[in-house]
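I opened my notebook to look up two things in this structure, namely how its chains meet and where open space is left. I write each entry in the order in which I looked.

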Amino acid sequence: MTLSNLAIGLLLTLVAAFFLNAQKRAFFIFIFSLVAVYALQPALPIRYIDFWLPTIGLVLVIVLWIVITPHEIVKSRENIFTFGWILLVIVILGMTRYLDGLSFLTASIPPRIEQIMSALVVFGILILFAIFWAKNKSIALGGIILVISLLIAIKYQPITIWLAQTLRSFNNQAIETVTAFDIRWLGLSYIAFRLIHTLQDSIRRRGPTVFLQEYVTFIFFYPALVAGPIDRLERFVKDLRAPFSRSNIEWGFIIERLALGLFKKYILADSLALVAINPQNATQIQNAGWAWVLLYAYAFQILLDFSGYTDIALALGRLIGIKLPENFKQPYLKPNLTHFWNNWHMSLTQWFRAYVFNPFSRSLRGTSLPAWGMILLAQLLTMTLIGLWHGITPNFVIWGLWHGLGLFFHSRWQNVLRVRVSNWATTPMRQQVVNWSGILITFNFVALGWVWFVLPTPQKTLDFFSLLFRFG
Amino acid sequence: MTEEMIATLKKFIATEIARQPDRSIAADEKLISSGLIDSFSLVDLGLYVEDTFGVRIEDTELNADTFDTLEQLAALIQSRQ
Amino acid sequence: MSSPFRILLKGLILTLFVALILPLFPDMGHLSGYNRIFPGRKRLPFGENPARAYNLSLYNLDAMFAAHEISQPKAAVEYRIILIGDSSVWGTLLKPDQTLAGQLNQRELTFCGKTAHFYNLGYPTISLTKDLLLLDYAARYKPDAIIWLTTLEAFPLEKQLTSPLVANNATDIQGLIDRYDLPLDPHDPELVHLTYWSQTLFGQRRALADFIRLQLYGVMWAATGVDQVYSENYTPPKTDFEVGEDAFHNLQRPLDESQLAFDILSAGIDLSPAPVLFVNEPMLISQGTNSNLRYNFFYPRWAYDEYRIQLAQKADENEWNYLDIWDILPNHEFTNSAIHLTPEGTLELASNVIDALQVKCEE
C-alpha cells in the first residue's frame, strides 16, 4: 500500500465520517470496498488477469453468501439491489478502458467491455444456479474445500507457475518469462479465512444471517483488505448496524493510532528494512556479530511493519465506526512463547484456535493418547498450518514446527517448574529476574525462528545459523 | 447457586489446570489473558463445563473475549442452562 | 481535559519547530556512525542501486567524507597519500582491495620512516572541477602526498559543472572560482542554489533521507564489506566506429587550449596542500573498424594526440611531476569502459605510479 493510496483512503473516509448518516455510511463502505478490491490489486504481466481475479473473488463471495444464507433472505429486495450495485461497479470499472481519467481505479487496462459482459452472463448463470440449487451443508463444506484449494494454488509455487503458464499460453503470451509472481491475488489469504469462518459457522448453525451488502463489506472491508486483521462476521455486523454519529468518533484513538502506525511502518520499518536480513545479504555477511544485528533488525522490522499497518487499519476502521480487533500487543515483551502467540497476529491465532486447535484438541480427547501426546500433536498441527498459510515451502513448515515444539516445551516446562519458580520468586526483585529472563529467552527463540521464515531454503537457513553461532 | 458454580469451577482450574490446589482464584481474576489457562487447558475447561453443567461452549467461544473470569464464565453457563 | 486536538496541535507545533530550526544546523553531515560504530568506507559514497550495493549517491560532502576512512585521526607514524580521479580511481567493478588505492596499500610501503596509507578519493564523474572540489575538501585531512589521475574527458570547460556533485555544492564551487580565479561562471545555471525554504525540513527531506540511508547502509557495509554491485556481466567498451565519427564534444580542430580547463588543473596542483603526482591515466586503444579515426568511445585521435602534446608542454613549463601512461595496458585489461581496469590492469598501473612517486621527507 503506497502512501498516496493511503492518503486517498483517509481523505474519503474522513469525508464519509463527517457528511454521511448511518445508512449512507454503510453504503459508502460497501462501494468503496468494492472499488478498493480492484484499485489495490497489483498489476500483473498476464493480460487482464488483474481485472479477472478481483471479479472472480467477488463472484465467489456472492455464491458463498448464497450458500450460507436462508433462501427467503437471498431473494429479498435489498439483496437484489445489492446485486445491481455490484454489477454496476464492475461495469463502470470495466469502462475505464475507455475513460482515461479513471484508469487509476484498476491495476491495468481492463478487458474489452464485450468480454466483461459475456463473463458477467456466465457469472450470472452461476449465481442463479447457486440460488436455486446450493442449499445444504455439503455445499458449504464444498465451499471450504474450494477456498482452501484456491489458497493452495496461489501459495504453492509449482501450481502457481503451472497456472500462470496455462494462462500465458491461452493469451498467446511468452511462456519462458513465467514466474510465481504472475498470479498475485490481493488479500486472498485474509479473504479466505473470513470465508472459511463464515462457512464453518453456518455448518454449525452458529453464524448470523446477514444481507449481501453486509457480507461483501465484511469480506472486502477496505482498511483490512491488504493485511487484515481478520474480524468475525457477527462482531463486524454489529458495528456496521450500530447507529453512527459524528460526535461518537473517537478522535484520540484515531489520531494516536494513525500517527503511530505511519511512524512505525513508513519510518521505522522501512528504515530497518535496509539493514534486515534477506535472501540476498544473508550469504554476504562476514561475521557472527553483524549477523545478529541484521537478524534483530528483521525481527523489529516485521513487527513494526505489520503492527504499524494494523494501527492504520484500526484507525481507518474506527473513523467510520468499525472497531477492528487488535492484532499485536507488545509481543516481544512477553515472558514465554504461549504469551507471545497470544499477542502476535492475534486475529490469525484466534482464528486458528477456533477452527483448528480447539476442534482438533476436542477430537483427540476421545483417543488413548497420553495428555502430553495430545498437546504435542495439537500444537504441531496448528503451528504447521500457520506456517503453511504464509506459503507452501519446506521452510515455512519448519518455522511452524519450530514454534509448535516451542509451545509444547513451554507447556511441559510450565507443568514441571511453575510451582518451583513461583516458590523461588518470592521477592519483587526475583520476580523481575524471572520475568526478564523469560522475555529474553522468548524473544531470541522467536528471532531465531524468523531465519526459517525469511530465507528461502533449509540449506541457506542452516548456513546462516552456523554463521550466527560461529565465534572467534 | 452462582457461588457454588464458581467454587466448582475454581476447584477444577486450581487442581487440574494450574496444578496448584491451594492457589486462590478471585472471581474477577483474569484467567485467559493472564496466561493462567493456556489454550490447551481451555479445551479441557470447555469439556469439563459441558460434562458438569450440560452447557456447550463452542470452539469459537473459547477465548478471552467470551469470558476471562470465573464470574463471566458462570454467567455464560447460567445464560444457557 | 486532554483533548485529542490539543495533542495534535502540540505535535504539529513541535514538528514545525524542528523543521524550521533545521537550517540553523547545516553541519548535520558531521554526525556519523562511520569510523565509530562501523568501519569507514574505503571510497566515497556512490551507488546507483543502493539496495544491492549498500551504497548511495549523495551530495553532502561533510557526510560523504565523514563516512570515509580518511576521517580517522592521522597517526604520527602515518604517511598519508590521497588519490584523486574519476571512476577508474574510485574503482567501478572492483572490490575495495582491488582498486588502485587498495593495491597500493597491500604493498605495505614506508616513506620517511612512516607507514604509507593510500586513500581512495576518486569519484565517478569526469570533471577537473569535481577533482578540485574533493582535493580542496581533503586538505583538512593533512595529506603528505597527492596522486591525481585524469584524462582528456575531464578537461572541456563546458563539462566542468555538469557533475551532480559539483552542481549541488554551488557555494563551495563559487568559493573555489573566487579563490583560484577559475575560468568558470559563478552564476552558471547548472549550479543548484539553496533558498532558506529549501533548507527547512520540507526542502531537505531528500537530503535528510539520504543521510539516514547512508548511516543505515553503514551497517550493511560493516556486515558484508560490499559497497558496489560487482557485476560479472558487463558490456565491453565500443571498439568499432563509423566513418565520420571523429567529433570530441563540440570542440573544433585544432584543439583550442582556451576550451580546456588547464587553469583548473594548475590551480589544483599549485595550491595543493602536498606535492602532486599528476597522471594521464591508461585507456583502451581500439583496433576495430575505423580505429584510425578514434582511439575509443571517448576520443577521436586528433583531439587526444593534441591534448597529450599540450599537457606535456604545460607539465614541462610548470615543472609538474607528470606521468603519461596512456598506452601501457593491453585491451583485455579494460572492463566496461575505455578507462575502467581489471584488477590485474590496476596492479600494473600501481607499479607505474609508485615508481613515479617522489617522496619528500620533512627534516
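This is a predicted model: local features need pLDDT of at least 70, side-chain atom pairs count only at pLDDT 80 or more; totals for chains, interfaces and linings use all residues.

Entry on the contact. I looked up which residues take part, and I found 25 residues from chain A and 23 residues from chain B. The area buried between the two chains comes to about 2,100 Å², and carbon and sulfur atoms give 49% of that area.

Entry on charges and polar pairs. I found five salt bridges across the interface of chain A and chain B, and one of those I looked up joins R362(A) to E50(B), with the closest N and O atoms 3.0 Å apart. I also counted eight residue pairs in polar contact between the chains.

Entry on the elements of chain A. I saw that α15, α16, α17 and α18 of chain A each supply at least two residues of the side that touches chain B, and that the largest share, nine residues, comes from α16(A). By type, I sorted the residues of this side into eight nonpolar, nine polar and eight charged.

Entry on the largest pocket. I recorded about 1,700 Å³ of space in it, with 43 lining residues, of which K155(A), F181(A), R184(A), S189(A) and H390(A) are the closest to its centre. The largest share of the lining, six residues, comes from α14(A), and the lining divides into 29 nonpolar, ten polar and four charged residues.

Technical notes
Residues are numbered from 1 along each chain as its sequence is written. Chains are lettered from A and ligands numbered from 1 in the order in which they are written. Side-chain values use heavy atoms; hydrogens and water are left out. Contact means heavy atoms within 4.5 Å. Buried area is the accessible area (1.4 Å probe) that two parts lose on being put together, summed over both. A salt bridge is a side-chain nitrogen of Lys or Arg within 4 Å of a carboxyl oxygen of Asp or Glu. A polar contact is a pair of N or O atoms within 3.5 Å; within protein, one must be able to donate a hydrogen and the other to accept it, and residues adjacent in sequence count only if both atoms are side-chain atoms. Helices (H or I, at least four residues) and strands (E, at least two) are DSSP runs, numbered from the N terminus. Ala, Val, Leu, Ile, Met, Phe, Trp, Tyr, Cys and Pro count as nonpolar, Asp, Glu, Lys and Arg as charged, and the others, Gly among them, as polar. On a 1 Å grid over the protein atoms alone, a cavity is a set of points where a 1.4 Å probe fits but cannot get out, and a pocket is an open set with protein on both sides within 12 Å along at least five of seven lines; lining residues have an atom within 4 Å of a point. Grid points are joined across faces, edges and corners, and a volume is the space filled by probe spheres set on the points.
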